[in-house]
Amino acid sequence: MSARTLGVDALLVLGVGIQWLCALGMLVFRGPFERLHLLGPANGVGALAIVVAVALDTPAKGGGVKALVVGAVMLVTSPVLTHAVARAMTLRERAPDKPGDVPEVEP
């Protein structure tokens, strides 16, 4: 086995391990805001390790470049999506009991 193969294997084990731990955390954590905290490691470190492993495994082919592009898009959009989901959950919790009322939102 070459050092490159060992590196790819190590990154895949790291990435998949983080994904599994975050998935198990979803079962343990009860509140939606607690569960939302698990998206950071799963979409950040875990996904990045898998993307780098794919890019190292297929550097000359188009798959490696595509994996890096997907990883970059995930790193940019994941925090924005997490923030949008948290804001929607906050607004839903503050929603009034009457259908015609509008919740007060601070900017």
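Colleague: What pattern does the protein follow, read along the sequence?
Modeller: The pattern is α-α-α-α, with 4 helices and 0 strands. Helices (H or I, at least four residues) and strands (E, at least two) are DSSP runs, numbered from the N terminus. Keep in mind that this is a predicted model: local features need pLDDT of at least 70, and side-chain atom pairs count only at pLDDT 80 or more, while totals for chains, interfaces and linings use all residues. Residues are numbered from 1 along each chain as its sequence is written, and side-chain values use heavy atoms, leaving out hydrogens and water.

Colleague: OK. How do α3 and α4 cross?
Modeller: The axes of α3 (residues 39-57) and α4 (residues 62-94) come within 8 Å and cross at roughly 170°. Axes here are lines fitted to C-alpha atoms, for helices over the stretch in contact, and angles run from 0 to 180 degrees between N-to-C directions. So α3 is roughly antiparallel to α4; that label is for angles over 145 degrees.

Colleague: Which residues make the contact?
Modeller: Among them are Leu 39, Ala 47 and Val 51 of α3, and Gly 64, Leu 68 and Thr 82 of α4. Contact means heavy atoms within 4.5 Å. The residues of this contact divide into 10 nonpolar, 7 polar and no charged. Ala, Val, Leu, Ile, Met, Phe, Trp, Tyr, Cys and Pro count as nonpolar, Asp, Glu, Lys and Arg as charged, and the others, Gly among them, as polar.

Colleague: Let's zoom in on Leu 39. What does Leu 39 touch?
Modeller: Leaving aside neighbours within four places in sequence, Leu 39 is in contact with Met 26, Gly 44 and Thr 82. Leu 39 is partly exposed, with a relative accessible area of 26%. Partly exposed sits between buried (under 20% relative accessible area) and exposed (over 50%), with a 1.4 Å probe and protein chains only.

Colleague: New topic: where is Thr 58?
Modeller: Thr 58 is in the loop between α3 and α4.

Colleague: And is Thr 58 buried or exposed?
Modeller: Thr 58 counts as buried because its relative accessibility is 19%. The side chain of Thr 58 reaches the backbone oxygen of Val 54 at 2.9 Å. A polar atom of that side chain also lies 3.2 Å from the backbone nitrogen of Gly 64.

Colleague: How much of the whole protein counts as buried?
Modeller: Of its 107 residues, 22% count as buried.

Key: Parallel < 35°, antiparallel > 145°, perpendicular 65-115°, else oblique. Polar contact = N/O pair within 3.5 Å; in protein donor to acceptor, adjacent residues only side chain to side chain.
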